[in-house]
Amino acid sequence: MNAFHPSPLLFILFLLMLFQTCIIATKKPYIVYLGSLSHGSSTSSLHHQRVTESHYNLLESVSGSKNIAEEAISHSCNRHINGFAAMLDENQASKLAKFPDVVSVFECQARTLHTTRSWNFLGMEKHEGIPLNSIWNFARFGDDTIIANFDSGVWPEAKSFSDEGYGPIPSRWKGTCQSDLDPNFHCNKKLIGARFFNKGYGILNATFNSPRDQEGHGTHTLSIAGGNFVSGANVFAMANGTAKGGSPRARIASYKVCWPVEGRQCLDPNALAAYDAAISDGVDVISVSIGGEPKEFLRDALSVGAFHAVQHGIVVVCSAGNFGPTPATVSNVSPWVLTVGASTIDRDFTNFVVLGNNKKLKGTSFSSKALAFNKFYPLINAVDAKANNASSSDAEVCNERSLDPTKLAGKIVVCLRGVISRVSKGYVVAQAGAAGMILVNDKDNGDAIATDLHLLPASHVTFNDGISIFQYIKSTKTPMACISSVKTELDVNPSPVMADFSSRGPSTIEESILKPDITAPGVNIIAAYPDEIPLIELQVDDRRAPFKVDSGTSMACPHVAGIVGLLKSRYPKWSPAAIKSAIMTTAKTNANNFNPILDFTGLEATPLAYGNGHVDPNSVMDPGLIYDISIDDYLNFLCARGENATQINKLSHKLFVCDPSFKVTDLNYPSISVTNLKTGPVTINRKLKNVGSPGTYVAQVKAPLEVSIAVEPSTLQFTAMDEEKSFKIVLQRSGKGSQEGYAFGELAWSDGKHNVRSSIAVNLGK
């Protein structure tokens with residue numbers, strides 16, 4: 001009998017079917033979101049276990065086995081957020097999404113920290129970036145406010161977390177200090193709690209079983225938000241002064257959700273679990289300096305977690321991201337969070353490059369080493385020091401093994417920015433024997449120079465200054481230069497200036513919500529740092545210090561979180577939206593020279609960069625009027641965006657029915673964004689609440705050339721506290737100016753003392 005031999009075509013079809021089956025069966029981490037749980041934190045562990053049991057039962061219905069369901073679920077949120085994280089294939093996820101009890105099913109993200117280190121280059125920042133001035137005395141109180149930080153943990157030994165002079169921990173605190181596996185970790189009456197969330201990383205070493213910070217980012221951001229007063233703070237004797245957080249007397253708690261795995265991953269299930277725990281613990285403010293690709297509001301773990309926090313009266317402050325200046329890169333765009341961009345402060349770390357032709361160029365650095373005073377050194381373009389086996393493109397950026405040491409010894413080398421980190425370039429040229437380095441920008445980076453902790457004397461200069469340097473080198477056979485030592489420069493003018501890296505709007509999820517909301521100090525911020533961890537991520541650099549300079553929206557976010565802590569302490573009954581409104585409507589759009597805030601390019605910045613402006617802590621305590629938003633308003637907003645009404649009801653603690661007349665633009669947001677003004681008019685409805693003394697407010701409009709803006713009524717009279725008044729803004733094309741792109745204006749309500757200001761962004765269409 002002849003053996004059966006399948007044809008090659010049949011065999012290929014079999015392999016394709018097998019491959020397709022494998023693809024379908026591939027499992028990924030998903031979050032299955034089921035809405036709100038209405039029971040309080042005082043319920044028993046048995047109640048929590050019943051919720052978890054319901055999660056197992058739900059997953060069993062699509063997996064076919066209780067054991068498989070229990071093994072698949074990694075996280076079960078069972079306190080205030082109802083949901084779980086599990087390894088699912090696409091078929092299981094699709095089936096679960098159709099269950100009537102399920103609000104959404106979505107893939108988990110691995111998010112990153114919003115420091116410029118996430119880009120593989122280092123920046124710097126200043127801790128005391130916001131002067132408290134008129135609220136200084138109040139800043140010394142507020143020790144009943146609890147600020148939580150979602151980050152890479154905390155270094156409890158840092159002086160910024162000292163509890164000297166603190167009274168008992170507030171009795172409403174229900175959290176814990178999860179230090180059982182790290183006997184050297186401790187909490188106190190300042191740092192009142194610490195937790196860690198580390199599921200989903202596979203086999204971990206012992207350092208993952210502790211809330212201790214192993215990379216410095218969490219310590220830095222937490223001290224910016226709520227660090228205690230520390231006199232004599234400095235980094236290598238520069239910028240000496242008193243360090244303090246935005247809310248220096250607040251109690252603080254750390255929730256470690258980010259780990260040094262594959263570039264500092266912060267997994268969604270851990271972040272959602274941290275939100276569930278923080279709500280139960282009793283925090284007042286949550287600072288979140290992490291982010292990822294924006295997703296639909298109910299299919300994004302950070303957005304979902306923040307909604308439930310706000311539902312319980314907690315203000316959530318998030319970083320906008322570090323993917324600027326590219327438009328539409330802003331993250332953390334939910335309307336219930338306060339999204340913070342980054343801008344400069346009025347302090348620089350300055351040095352100068354002096355060329356042999358006596359041309360003096362201003363640069364920046366934070367190098368702890370200096371060249372001999374006024375001594376000139378031979379100057380060389382890195383391309384002219386190219387190693388024999390290296391390409392010119394590698395040499396010009398001072399890439400590893402691209403330079404010839406025999407051509408560099410004792411010289412100052414000029415390196416082009418890009419490809420490898422700025423600090424790494426310094427290491428490369430130092431290893432090759434160079435005396436110093438001038439780092440020059442390419443055209444794309446323009447005037448955006450960064451203050452780095454270089455290994456050798458160095459200066460970072462602008463693109464145009466770089467052109468001058470290259471022209472000088474070509475003009476003489478013996479080019480020479482010197483680099484001055486770094487000095488701390490105060491009262492820098494103009495400031496603030498928008499940081500190049502700060503992510504820009506518009507939001508890719510909902511353009512009618514202008515994001516970011518606000519900008520705050522995020523460049524060259526000095527804050528606490530673990531003194532047992534090297535300051536720079538180079539194995540050859542072991543420099544350590546209890547304070548560090550760093551840059552990113554990661555640093556801007558906790559500045560605002562600290563101010564929120566002060567507001568919460570003074571106005572404990574204000575809603576999260578009220579506090580957000582006070583911060584946004586009192587923000588400033590002028591720099592310290594009384595001219596409009598500039599972008600890093602030198603051009604005027606727009607609300608797509610700074611939102612409603614730069615935070616002004618001296619005005620937030622007395623905003624006059626606020627735009628308040630209830631949880632029902634947020635739910636109606638979601639309904640208006642097309643979310644299923646039955647599923648939206650599962651987010652509420654009571655029976656909720658969508659208002660069919662509510663439009664997306666009706667959300668009582670403190671800023672105004674019109675998505676497409678091709679035809680008109682467009683009417684925006686808003687409502688203001690009086691939180692000050694009685695008075696009459698008059699509308700003042702600055703309309704762009706392309707748009708006509710009318711406010712009806714144009715006068716609002718308030719006679720009592722908490723009185724609310726409605727008004728509408730009518731926008732239409734004026735027929736003048738540009739016919740496409742964005743146009744910007746503003747609306748301010750003034751009683752002669754208060755100036756309740758809203759940015760207006762109008763997409764004119766194409």
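A nonpolar core is here a set of buried Ala, Val, Leu, Ile, Met, Phe, Trp, Tyr and Cys residues joined through side-chain atoms within 4.5 Å. In this predicted model, the largest such core holds 131 residues, of which Y255, Y275, I286, V316, V317 and I583 touch the most other members. Leaving aside residues up to four places away in sequence, I286 is in contact with A148, F150, Y275, A278, A309, I314, V315, V316 and V317. As a general background, nonpolar side chains tend to be buried together in soluble globular proteins.

The overall dimensions come next. The C-alpha trace spans about 100 × 80 × 60 Å along its principal axes. The radius of gyration is 28 Å, which agrees with a compact globule, because a globule of 766 residues would have a value near 27 Å. Of the 766 residues, 60% count as buried. The accessible surface comes to about 30,100 Å², and carbon and sulfur atoms account for 52% of that area. The protein carries 69 positive and 70 negative side chains, with the centres of the two sets 2 Å apart.

In secondary structure, the protein has 17 helices and 36 strands. Among contacts with a separation of 6 or more, 75% join residues 24 or more positions apart.

P623 gives a local view of such a pairing. This proline sits in the loop between α15 (607-610) and β28 (625-626). The C-alpha atoms of P623 and A582 are separated by 5.4 Å, although the two residues are 41 residues apart along the chain. Not counting residues up to four places away in sequence, P623 touches W574, A582, T586, V691, H754 and V756.

The buried residues are R422, V423, S424, K425, G426, V428 and V429. They pack against three strands: β20 (412-416), β21 (436-440) and β22 (458-461). Just after α11, G433 takes a positive phi of about 95°.

Methods. Residues numbered from 1 in each chain as written. Heavy atoms only, no water. Helix = DSSP H or I, 4+ residues; strand = E, 2+ residues; numbered from the N terminus. Rg over C-alpha atoms; globule rule 2.2 N^0.38 Å. Buried < 20%, exposed > 50% of the residue type's maximum accessible area, 1.4 Å probe, protein only. Contact = heavy atoms within 4.5 Å. Areas by Shrake-Rupley, 256 points an atom, 1.4 Å probe, with all protein chains shown as cover. Lys, Arg positive; Asp, Glu negative; His and termini not counted. Charge placed at Lys NZ, Arg CZ, Asp CG, Glu CD.
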